[in-house]
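Reader: I have this model open on my screen and would like to go through it with you, piece by piece.

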Amino acid sequence: MVLAMNCHIQFLASDKRPEINLYRATAGHIESTWKNLTGTAEITLPRNIRDFDKMNISQIFKRGDQVIIYLGVNGSLIEHFKGYIISTSADIPVVIKCQDEMWKLKQLSVNISMNNCYLPNLIKTIAPGYEYSVSEYNIGSVRFAKTTAAAVMQTLRDDFGIYCFFRNNTLCAGKIYSDDSVTRNINLERIVSNNLTYKTKDEKSIKLTATSTLIGGDKLTVELGEKDGEPRDFSYFNITKKEDLKALAQKDFDKIMADGFEGDIEIFGAQEVTHGDKLNISSIIYPDRQGLYYADSVITDWKDAIYHKTVEVGQKVIV
């Protein structure tokens, strides 16, 4: 069966122009991960789109215009990105750079003060109207004056170790993985390629630094593993006792020390994967190495009808 890559890029109507729909693009690049506050996309338009020959591209695709990217094969399209244009190049070919919904929150002014702040209330107050997945933390008294919603979320990350990001159009704050995330089956002999290394516990040397940010901003830290091992940092919130922090850190240390894969895989674009999904990785050649892992990031690339995803394999799921 021949698979033909399909593309639909929808530029929603603005107050300056009607909706524009493109069904081809020379190339594109989408990055999505819990590690970054903002998801991004880049679209390279064909040189010979006749509709734009006599028009000023920068006046058609303006900063803040909404865009949705659908990709797929044989006419079956899936939404891969939803966000806003942040810049349009003046060069040929035209390159349009975009950011996800976090861009909108970078424009949203915030001036707020809360005593005994409950994280879900804070997130819903500074960023109203979204679907949410927010950890039930009490973070103490907070004051954010003359700033933006996105800047508040960056502060939560920097000062409290609370990660904020969008996943599947849901605003997440707190847990980087979801217990009810979708499981995707990945057979290593049926993908494009892999850049994986399988390591046993005896082959790993890890130094884990676990930091708990307390209400008020004080830090509590414990270390596990080898003194000169590969550094790994884990963040926790308001674990007030060192023995409790050590117990939690030990569980995470055991997960990263378990036998398993490290690295990334390149899969065909039609395979659905979102960061935070579980990857059920199996191999016909090495059946004993089957395991369940989280996807830490997904990078989608297409060019000249070649459509692939690079997926970073994250923490092993211990069930």
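Predicted model: local features only at pLDDT ≥ 70, side-chain atom pairs only at ≥ 80, totals over all residues.

Reader: Where is Thr 300 found, and which residues is it in contact with?

Author: Thr 300 is found in strand E20; helices (H or I, at least four residues) and strands (E, at least two) are DSSP runs, numbered from the N terminus. Leaving aside neighbours within four places in sequence, Thr 300 is in contact (heavy atoms within 4.5 Å) with Gly 28, His 29, Ile 30, Leu 71, His 80, Tyr 307, His 308 and Lys 309.

Reader: How many bridges join E20 to E21?

Author: Nine bridges join strand E20 (residues 291-303) to E21, and the two run antiparallel; strands are said to pair if DSSP finds at least two bridges between them. Within E21, Glu 312 is the residue that stands opposite Ser 297. The hairpin of E20 and E21 has two residues between the strands, and there Asp 304 takes a positive phi near 50 degrees.

Reader: What else pairs with E21, and how many of its residues are buried?

Author: Strand E18 (residues 260-268) pairs with E21 in the antiparallel sense over six bridges, and the bridge partner of Ile 267 in E21 is Lys 309. E21 is mostly covered, with eight of its eleven residues buried.

Reader: Switching to H5, what span should the helix have?

Author: Helix H5 (residues 242-257) has 16 residues, which should span 22 Å at 1.5 Å a residue, and the end C-alpha atoms are 22 Å apart, so the two values agree. The expected span of a helix is taken as 1.5 Å times one less than its number of residues.

Reader: Which residues of H5 are buried, and what covers them?

Author: The buried residues of H5 are Leu 245, Ala 249, Asp 252, Phe 253, Ile 256 and Met 257. They lie on the same side of H5 because they cover an arc of only 135 degrees around the axis, the arc being that of the directions from the helix axis to the C-beta atoms. Glu 243 and Lys 251, on the other side of H5, are exposed. What covers the buried residues includes strand E15 (206-213), strand E16 (219-225), strand E17 (230-237) and strand E21 (306-316).

Reader: What order do E15, E16 and E17 have in their sheet?

Author: They form an open sheet of three strands in the order E16-E15-E17, with mixed pairing. E16 and E17 stand at the edges with a single partner strand each, so one side of each has no neighbour in the sheet. E15 and E16 run antiparallel and are joined by seven bridges, with Ser 212 opposite Leu 220 in E16. H5 packs on this sheet, touching E15, E16 and E17, and its direction makes about 40 degrees with that of E16; axes are lines fitted to C-alpha atoms, for helices over the stretch in contact, and angles run from 0 to 180 degrees between N-to-C directions.

Reader: And what about Asn 238, where does that residue lie?

Author: Asn 238 lies in the loop between E17 and H5 and has a positive phi of about 55 degrees although it is not a glycine. Most residues other than glycine have a negative phi. With 27% relative accessibility, Asn 238 counts as partly exposed.

Reader: Last topic, the cysteines: how many disulfides does the structure hold?

Author: The structure holds zero disulfides, a disulfide being a pair of cysteine sulfur atoms within 2.5 Å. For Cys 117, the closest cysteine sulfur is that of Cys 164, 11 Å away and therefore too far for a bond. For Cys 164, the closest cysteine sulfur is in Cys 172 at 9.1 Å, which is also too far for a bond. Cys 117 is buried at 1% relative accessibility, and Cys 164 is buried with a relative accessible area of 0%.

Key
Residues numbered from 1 in each chain as written. Heavy atoms only, no water. Buried < 20%, exposed > 50% of the residue type's maximum accessible area, 1.4 Å probe, protein only.
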